[in-house]
Amino acid sequence: MTMHAVSAVSGELHDTEVPAPEPQAHDLLVRVEAVSVNPVDVKTLRAAHPDPRILGFDAAGTVVAVGPEVSRFTVGDAVYYCGDYTRPGANADLHAVDERLVGHKPASLSFAEAAAMPLTTLTAAEALFDHLGAGPSTTGTLLVVGASGGVGSILVQLARRLTGLRVIGTASRPESREWVAGLGAHEVVDHRDLGATVRAVAPDGVDAIISAYTDVPVLADLLRPWGHLVAIDGSHHDVGPLKPGSQTFHWEYVFARPAHRMPDMARQGDLLEQVSGELDAGRLRGTATRFIPGLTASGLREAYEAVGSGRMLGKLVVHR
Ligand SMILES: NC(=O)c1ccc[n+]([C@@H]2O[C@H](COP(=O)([O-])OP(=O)(O)OC[C@H]3O[C@@H](n4cnc5c(N)ncnc54)[C@H](OP(=O)(O)O)[C@@H]3O)[C@@H](O)[C@H]2O)c1
């Protein structure tokens, strides 16, 4: 059987007809209703690999078949997930994904709204709960660098609703400042002069930082001794400046668990189930802000251009 997919080839997106995937032992075969676009899609496209590749690492859809060892899902279930960067992505009619990486779609969200959530939610949750070990009784101050983007938009909410942390988020435009304040950040500061703006609201520095735009020397100076810095991206990662304060550097990479088939990779499915419950209970809200109809090369081109601008508020979704 063949299906429609959008392939990336040498930096261009093309509508193509390809063989439909066969579900492996732990796989769900999902009819894709919506995908969201992340910076990883744009970066992979821009790398312009000559071999055709299907991108799309955030999806929501309906299970149409299951592998023989699947235990948590059945045909007809509505699901959401970000999957595995080492496998073909979800910019296609049908997509195979390991059930351990999947959650049931929040009932209160449409497929398009749900597709906005998984990759950024897992990044934020792994950084906050697994790397920092934060929980309901955790206090202190957390700085979120890049708070208005996809990751920051759910991270600020998770930190506010599920921990006792005081949250400082960064944003540089009136509309992004307003967005971050609306997500619940206690303070919003401008990242263009991070040292001064953070010190103005936290004169003694912060206890932890989760940063999408990591510049270690600047952040080390803002971090209290024995504090923790979780980097999810950035450019200056020499950890030398963290030594005098005995501070800890963590890398968060959302695809590490699936790529290395880590024994606890089902943690990602569990986190998505938990967040699904929080969304349905109204304790968290969806982060989709823009919807583009047409799961085609044309619709995705428009989406990649917008995400590639680096000025997204929340998330962008492409749907049928
Ligand atoms: N390691 C991982 O597993 C992982 C997972 C997800 C994302 N990432 C990476 O993390 C980064 C952020 O992802 P995202 O989805 O949140 O991106 P995004 O949605 O594109 O983020 C856009 C926002 O970033 C803010 N921003 C731009 N430059 C900034 C800077 N120098 N300092 C602070 N904020 C800045 C902008 O806020 P203003 O307009 O207010 O300035 C904008 O609203 C990307 O590089 C992405 O590839 C890594």
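## The largest pocket

In this predicted model, the largest pocket holds about 1,100 Å³ of space. Its lining is made up of 45 residues, and those lying nearest the centre of the pocket are Pro-39, Lys-43, Ala-212, Tyr-213 and Asp-233.

Several elements each supply at least two residues of this lining, namely H1, helix H3 (118–131), H4, helix H7 (216–222), helix H10 (297–308) and strand S18 (315–319). Of the lining of the largest pocket, the largest share comes from H1, which gives 5 residues.

## Two domains

The chain is divided into domain 1, which covers 2–117 + 256–319, and domain 2, which covers 120–251. The C-alpha centres of domain 1 and domain 2 are 27 Å apart, and the contact takes 23 residues from domain 1 and 23 residues from domain 2.

## Nonpolar cores

The largest nonpolar core has 82 residues, and the members that touch the most other members are Leu-28, Leu-128, Leu-158, Leu-300, Tyr-304 and Val-318. At least three residues of this core are drawn from each of domain 1 and domain 2.

What does Leu-128 touch, when residues up to four places away in sequence are not counted? Under that condition, Leu-128 touches Gly-133, Ala-134, Leu-142, Leu-155, Leu-158, Ala-159, Thr-163, Leu-165 and Ile-210.

## Helix H4

Helix H4 runs over residues 150–162, and at 1.5 Å a residue its 13 residues should span 18 Å, which agrees with the 18 Å that separates its end C-alpha atoms. Because 11 of the 13 residues of H4 are buried, this helix is largely enclosed by the rest of the structure. The buried residues in H4 are Gly-150, Val-151, Gly-152, Ser-153, Ile-154, Leu-155, Val-156, Gln-157, Leu-158, Ala-159 and Leu-162. Among them, Leu-155, Leu-158 and Ala-159 are residues that Leu-128 touches, and H4 also supplies at least two residues of the lining of the largest pocket.

## Cavities

The structure holds 4 cavities of 30 Å³ or more, and about 70 Å³ of space lies in the largest cavity. The residues that line the largest cavity are Ala-8, Val-9, Ser-10, Gly-11, Thr-44, Leu-45, Ala-48, His-49, Asp-51, Arg-53 and Leu-55. Strand S1 (2–9) and helix H1 (39–46) are the elements that give two or more residues to this lining, and H1 is also the element that supplies the largest share of the lining of the largest pocket.

How values were computed: Residues numbered from 1 in each chain as written. Predicted model: local features only at pLDDT ≥ 70, side-chain atom pairs only at ≥ 80, totals over all residues. Heavy atoms only, no water. Core = buried A, V, L, I, M, F, W, Y, C linked by side-chain atoms within 4.5 Å. Buried < 20%, exposed > 50% of the residue type's maximum accessible area, 1.4 Å probe, protein only. Domains from an automatic or database assignment. Contact = heavy atoms within 4.5 Å. Helix = DSSP H or I, 4+ residues; strand = E, 2+ residues; numbered from the N terminus. Expected span 1.5 Å × (residues − 1). 1 Å grid on protein atoms, 1.4 Å probe; cavity = no way out; pocket = protein on both sides within 12 Å on 5 of 7 lines; lining within 4 Å. Points joined across faces, edges and corners; volume = space filled by probe spheres on them.
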